[in-house]
Every structure is written in structure tokens, then in C-alpha cells.
Amino acid sequence: MRGLKAMLWEASVLDPYEGIRFHGLSIPECQKLLPGAPGGSAITAESMLWLLLTGKVPTEAESRQLARELAEKGELPVYATQLIDSLPATLHPMTQLSIGVAALNHDSVFQAAYERGMQKSEYWAYTLEDSLNLIARLPALAARIYRNVYKPGTALPDINKDLDLVGNYTNLLGYGANHDLTEYLRLYISIHGDHEGGNASAHTAHLVNSTLSDPYISYSAALCALAGPLHGLANQEVLRWQLEMQKELGDNITTDQIKDYLWKTLKSGRVVPGYGHGVLRKSDPRFIALQEFCDTRPDLLASPIIQMVKKTYEVAPGVLMEHGKTKNPYPNVDATSGCVLYHYGLTEFKYYTVIFGVSRALGALTQLVWARALGLPLERPKCKNLPSTHAHGSLTRLHPAISMDVLEKLIETQS
Ligand code: AMX
């Protein structure tokens, strides 16, 4: 269905050359217009959420009011903490997040109202309430997973009602004293919050919710899509790749060495993580915004890992163009996102996609509200079967190891 416009997505649109716009606003425009937290300038998650949900730029007071409301709803119920604490620390943090989000549907108001027999015209209101409750609880859930896996035995602070969502998240993670990291996460979580609906995670939420599954289990399913290396896991893969390069070549690496390393990666049949995109055909404006954040901080500019990201950016598009496969040889947001976290001491890269998951909830859940408000139908694309003789040929071409005998038997059984 690539290139075929078949989905309605209300809050954002992705232009291949211009990048993302949220209700018509580009990232630089959002940075100018959307309120930050007190003492900070980066967009808060609440300001972005307000824009996505209403199409309007919130005032500072409105953004703070939403922050307060989310903070008041932010504590996890006991059954959820017990469930998360019972999971093995060796279970991938994304699996834990998906499990935790699904379990929170214990409290779904949508599900309860459906059982009572609510009207279709009411769906959106209960979807909104579930979505806000889920977003509010994500920092406590995601931080608990981090603490259990990486800092076992350390006590989690309570939610601070005076802090915004990301302020609370960094605090719960144990990095609340690092103002720059908090500002970075505010920027990252807000500009990464929505990227049109065709990406695998947002689309999964949309599809599952179209069956009138509640927002919790819909977003839990989305997180499973986000956990794949071609999607959200790319931020962990980028860092792994950069660190391997650093280990092999040291800190003072030249662009020629990086070129050789890129070719080595490509020749081994791997993708260059953080480069390419299903829609974008230029450098991702989210990558540019994060790079600009780095450019204003001397410690980040001096960081070997950030310098490596910058040098890779100088040569990777040329190498990928020469390689000739990817339609977009330019960086996506993940070419840098994890490397900044690493610099700030949040070095557990298996956790990075969880932060992406906290962020993407803003856009994916917003769309569920819009979809139910607009009365969008159950998603059910129609399929076309290949005539069996064609299926024959194409399967054996794709998988030369499949013998004709086996295929013949399969087709016989089917008919
Ligand atoms: N390195 C090497 N090869 C690449 C490549 C890269 N970074 N990006 C694309 N290609 C290859 C594809 O694997 C495909 O090869 P194939 O024909 O042998 O299957 C070919 O180029 C054409 O692919 P495409 O149409 O340009 O891209 P796509 O829409 O199929 O895939 C994406 C998009 C992002 C999955 C792909 O570019 C990729 O794998 N990039 C690296 C992983 C990554 O950064 N993912 C993060 C995406 C953003 C996000 O979700 N956070």
C-alpha cells in the first residue's frame, strides 16, 4: 500500500521533503510557539499533546493546567506495580512496557462504558479519558521498568504535582538533577510524539482500536511494533553501531575511516541504522532539531560520541547513495537520539525504545480519539489472491529452497 493514500490522520502530516507538520506547524514553528516548562525553553509534552488533540497552540496556563491534571493521575495502581515487579529483569524493557500498558486496561473507562451499552457518539469521550489516564501513568510505569532492570533496590520518588510529565519522568528515572537531560527529553518526546499514521506503531494502534479494543490494549499492541529494529529499536541499534565503531577505531576517527566502516557494514548485509526512511527523502527535521540542541551545549559538542554522529552525517549519505539501494540516504531522528542519552549517562541502550514509546503515545492515542470522534470504521483491507500457478512461481522464486513437490502438496491440500 506504499504511496497509496488510504488513511485519515488528523494531527500530523509527513511531507517527504519538508518533514513532519503538527496541525500545519513545522518543528521550528512549534519550537517558537509551544510553551516550555518553567525555567526551560524546550516544548513540553503537554503543549504538544494539547496541539495534537485540539489543533490549537495552548497558552502557558493551559499547558500547565494539563501538566497538573496528568501529574494528579500519574501514580500506578498497586496491581500494576506488583505485575511489573514480578517480571524478570532479563525481559526486554519494551516487552515489559507492552505488558504493563495492556494490564492498565483493568481500569479502562471505555471498556466499562461499552459493557454498559454506550452510544457510538460517546466513544470518543471515553477514548479521550483512557488516553489521558494512560499518558499520565506512562512515566511511572516506564521509570519503574528502568529501576527494576538497571537500578534494582533503589526507591522511586512520588510524582511531583508541580512538575510536567517529562520533568517527572526524568525525576523518576533518577536523573532529575540534570536540567539539560530533562530539556533534551522534553524536546525529544514532544517532536517525536507523532509522525503521521502510516508508521508501524501508530498504524497498529489505529488498526487494533478500530475493533473497539480500548486504548490501553491498542497501544500495547503498538509497542510491539515499535520494538522492531527497523522501527523504534533503531535508536538502540545506532548507539550499538557507533560504539562498535569507536571500539574498533578509537575516538579521533577520520571521515575516511568512517566511510570504510560504513562499507564494511553494508557489505556484511546489514543496514546502516539511523539512515533511511519509508517516507522522508531528506534529512529528518527531528534529527536537525536534536543536532541544534547539541550545538548549543559545549559539553555535547565536545563529546566523542556526538562528534562521531556529526562526522558520520558528513559521509554516510554519499556512501548510501553510491551503494544505491536506499531511497533515502539521509539520517532519521534515531541517528542521534540515543547518542545524546548516552552522553548524559543514561547508557542502558536497551531502554531507549521505551522512551520512544512514552513519546509516541501522544500522537497514536490522539488519533484514537479523533478516529472515534469521526466515526471511522473498522479497518479491514481487501486482499487479492494470486492464481495458484502464479503463487507457485513466485514462492519458488522467493524461496528457492521450497521444492515443487512440497508446494504441489500444499496447493492440493488447500483446494
Ligand atoms: N542501510 C542499508 N540499506 C538500506 C538502508 C540503510 N540505512 N535503508 C534502506 N536500505 C535498503 C533496504 O533494506 C531495501 O533493501 P532490499 O531491497 O534489499 O530490501 C532498499 O534499501 C530499499 O529500501 P527503502 O525503500 O529505501 O526503505 P524502506 O522503506 O524499505 O525502509 C527503513 C525504511 C527505515 C526501515 C530503512 O531505511 C532502514 O532499515 N533503515 C535503518 C534502520 C532505521 O534507521 N530505522 C529507523 C526508522 C525510523 C524510526 O522508526 N525510528
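## The N-terminal sheet

Serine 26 in strand 3 is the bridge partner of arginine 21. The model is predicted: local features need pLDDT of at least 70, side-chain atom pairs count only at pLDDT 80 or more, and totals for chains, interfaces and linings use all residues. Residues are numbered from 1 along each chain as its sequence is written, and side-chain values use heavy atoms, with hydrogens and water left out. Helices (H or I, at least four residues) and strands (E, at least two) are DSSP runs, numbered from the N terminus. Two strands pair if DSSP finds at least two bridges between them.

Strand 3 covers residues 25–26 and pairs with strand 2 in the antiparallel sense over 2 bridges. These strands form a hairpin with 2 residues between them. Histidine 23 sits in that turn, with a positive phi of about 45°. Valine 13 stands opposite arginine 21. Leucine 14 stands opposite isoleucine 20. Together the 3 strands make an open antiparallel sheet in the order 1-2-3. Strand 1 and strand 3 are the edge strands, each pairing on one side only.

## Domains

The chain is divided into three parts: domain 1 (19–228 + 350–373), domain 2 (234–343) and domain 3 (383–415). The bounds come from an automatic or database domain assignment. The centres of domain 1 and domain 3, taken over C-alpha atoms, are separated by 44 Å.

Helix 6 spans residues 109–116. At its start, a side-chain oxygen of serine 108 reaches to within 3.3 Å of the backbone nitrogen of phenylalanine 110. Glycine 117 follows helix 6, and its phi is positive, near 95°.

Aspartate 214 lies in the loop between helix 10 (200–209) and helix 11 (215–226). Aspartate 214 is buried, where buried means under 20% relative accessible area, exposed over 50%, and partly exposed in between (1.4 Å probe, protein chains only). Yet aspartate 214 has no salt bridge, a salt bridge being a side-chain nitrogen of Lys or Arg within 4 Å of a carboxyl oxygen of Asp or Glu. The nearest side chain of opposite charge is arginine 137, 11 Å away. For charge, Lys and Arg count as positive and Asp and Glu as negative; His and the chain ends are not counted.

The side chain of aspartate 214 does make a polar contact of 3.3 Å with that of glutamine 111. A polar contact is a pair of N or O atoms within 3.5 Å; within protein, one must be able to donate a hydrogen and the other to accept it, and residues adjacent in sequence count only if both atoms are side-chain atoms. Not counting residues up to four places away in sequence, aspartate 214 touches Asn105, Ser108, Phe110, Gln111, Asp130 and Asn209. Contact means heavy atoms within 4.5 Å.

## Salt bridges

The structure holds 17 salt bridges. One of them joins the side chains of glutamate 60 and arginine 64 (3.1 Å, N to O). Both residues lie in helix 3 (residues 60–72), 4 residues apart, about one turn of the helix. An α-helix has 3.6 residues a turn, so residues three or four places apart point the same way. Glutamate 60 is partly exposed at 46% relative accessibility. Arginine 64 is partly exposed too, at 37%.

Lysine 151 and glutamate 348 meet in another salt bridge (3.8 Å, N to O). This pair links distant parts of the chain, 197 residues apart. Lysine 151 is in the loop between helix 7 (123–150) and helix 8 (165–173), and glutamate 348 is in the loop between helix 17 (337–343) and helix 18 (352–373). Lysine 151 counts as partly exposed at 31% relative accessibility, whereas glutamate 348 is buried, with a relative accessible area of 14%.

Arginine 270 forms a salt bridge with glutamate 244, the closest N and O atoms being 3.9 Å apart. This pair also links distant parts of the chain: arginine 270 is in the loop between helix 13 (255–267) and helix 14 (285–295), and glutamate 244 is in helix 12 (residues 234–249), 26 residues apart. Arginine 270 is partly exposed at 41%. Glutamate 244 is partly exposed at 34%. Salt bridges that share partners also join Glu18, Arg21 and Glu29 into one network.
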